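Please look over the sequence and the three-dimensional structure shown here before reading on. The paragraphs below are meant to be read with both in view.

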Amino acid sequence: MNERQADVLIVGAGVVGLSVAYYAASAGANVLVLEKGEIGCGSSWGNAGLIVPSYFEPLPGPGVVADGVKHLFDQEGYFGIKVRPDLRFTSWLVRFARHCNRREFHSHSELFMKLNQEGLQVHLELARLGGREYDFSQKGLLYLFLTKKRLAQARERAARARDSGIESEVLSGEEVRAAEPAAGRAVVGGIRYASDAGLDPARFVEWIARQAAAWGVRFMTQTEVFDFHLGRNRVNSVLTTKGEFRGEQVVLAGGAWLAPLGRRMGMNLPVEGGKGISQTFSNPKMNVRQPLILDEHHVAVTPLLSALRITGALELSGLDMTLSPERVRGIHRSAGLYLPLMEPLRPSEVWRGLRPCTPDGLPLVGRLRSFHNVIVAGGHDTKGMTLGPLTGQHVTRLLAGQSTGEVEQKLSPARFRL
């Protein structure tokens with residue numbers, strides 16, 4: 001097989017694409033990965049790095065639309081929409097609103113409880129191989145609350161999680177400050193999930209890329225896919241800025257760029273970019289003992305090796321990578337409400353990435369009905385790091401012609417008639 005051919009051709013080298021490459025190659029496939037930038041340079045690079053069985057609720061849900069409208073014009077708020085004259089985006093928003101119902105919210109939450117726990121187990125297996133190389137740790141995740149109302153709602157959520165085997169502990173304000181001395185007096189309570197874990201996301205994607213390369217995976221970086229040669233019910237070849245490539249099977253793992261890739265095939269893949277922002281503080285004068293979620297303001301706090309990272313915001317902005325200084329300031333100020341010692345800190349790095357979001361909040365994982373040799377793997381929004389390696393295993397089974405059961409049924413692109 002020549003250098004421009006492979007059994008499996010993967011478009012995208014984020015955590016999902018790299019996981020597919022690793023597991024497919026270890027199962028015996030000849031794998032080639034095409035990446036328009038560098039390995040892991042998208043939303044897999046600077047995120048919070050949390051592996052979160054506790055974070056099981058989908059993006060759409062009851063009250064989400066009203067809450068979103070309330071924060072829509074708050075330039076420093078955690079949610080935003082870049083309004084643009086795009087009928088596809090309007091259609092996506094209408095679909096999203098339709099999925100904000102109680103029935104789907106609960107059924108999708110139950111599915112994520114199962115998938116997230118399976119995702120954790122896969123991460124634990126990988127960590128046994130090389131967790132020290134990417135600072136994997138299982139310190140749990142502590143949610144902090146400023147209001148008793150949100151704490152009461154979170155206790156109900158924790159009770160549902162316990163029914164699915166996700167254990168938690170409710171803490172008073174004083175107990176929170178004993179467990180996390182950086183928490184301020186404004187924090188009224190917390191909930192700790194013991195099984196959640198964390199890692200350095202940049203080091204993790206570098207590590208799994210090395211493992212994939214050890215199995216013979218080839219990488220073509222700075223190689224942008226701009227078109228496809230289509231045959232009858234299949235993709236015959238992929239056209240890139242570095243020439244034409246062929247694969248017996250093609251996996252689209254392009255993250256927020258899935259929609260434009262799909263359009264080149266005549267498919268409307270309903271994926272929107274949800275911009276997230278992280279700020280990293282090198283050698284800070286304060287740090288936290290464990291990863292935190294600052295609940296009311298939707299900010300994650302992650303202790304890294306000699307650094308501290310805060311991550312927040314979700315701005316539906318398509319592929320626009322513009323960085324809003326107001327939103328950057330808003331995330332920092334929000335963190336200071338819970339962690340007063342953060343207020344004087346200044347970030348050494350500000351980063352943004354585009355989370356791939358679907359209108360029903362579930363990932364797209366499965367074959368396209370119109371192209372039998374194409375599998376889509378993406379749309380994980382904020383759960384990409386948790387579910388990336390698990391998705392790699394599921395896609396590897398699909399490549400081998402095996403069923404993935406419930407996952408194949410519920411995450412298939414066929415639910416959008418694709």
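Predicted model: local features only at pLDDT ≥ 70, side-chain atom pairs only at ≥ 80, totals over all residues.

What follows leads from a helix to the nonpolar core and then to a residue in a loop.

Within helix 5, the residues L151, A154, R157, A158 and A161 are buried. Seen down the helix axis, these buried residues fall within an arc of 120°, so they line one face of helix 5. An α-helix has 3.6 residues a turn, so residues three or four places apart point the same way. The buried residues of helix 5 pack against helix 4 (102-130) as well as strand 5 (141-145), strand 6 (168-172) and strand 7 (189-193), whereas the face turned away from that buried side carries the exposed residues K148, K149, E156 and D163. Just after helix 5, G165 takes a positive phi of about 90°.

The largest nonpolar core has 65 residues, of which I10, V31, L126, F204 and V251 touch the most other members. Leaving out residues up to four places away in sequence, I10 touches, among others, V20, V31, L34 and V251.

The loop between strand 13 (272-282) and strand 14 (292-294) holds Q290, a residue that is buried, with a relative accessible area of 7%. Beyond its neighbours within four places in sequence, Q290 is in contact with residues including K139, L142, R192 and P303, and its side chain makes a polar contact with the side chain of E180 at 2.8 Å. Although Q290 and A197 are 93 residues apart in sequence, their C-alpha atoms are 9.4 Å apart in space.

Conventions
Residues numbered from 1 in each chain as written. Heavy atoms only, no water. Core = buried A, V, L, I, M, F, W, Y, C linked by side-chain atoms within 4.5 Å. Buried < 20%, exposed > 50% of the residue type's maximum accessible area, 1.4 Å probe, protein only. Contact = heavy atoms within 4.5 Å. Helix = DSSP H or I, 4+ residues; strand = E, 2+ residues; numbered from the N terminus. Polar contact = N/O pair within 3.5 Å; in protein donor to acceptor, adjacent residues only side chain to side chain. Arc of directions from axis to C-beta.
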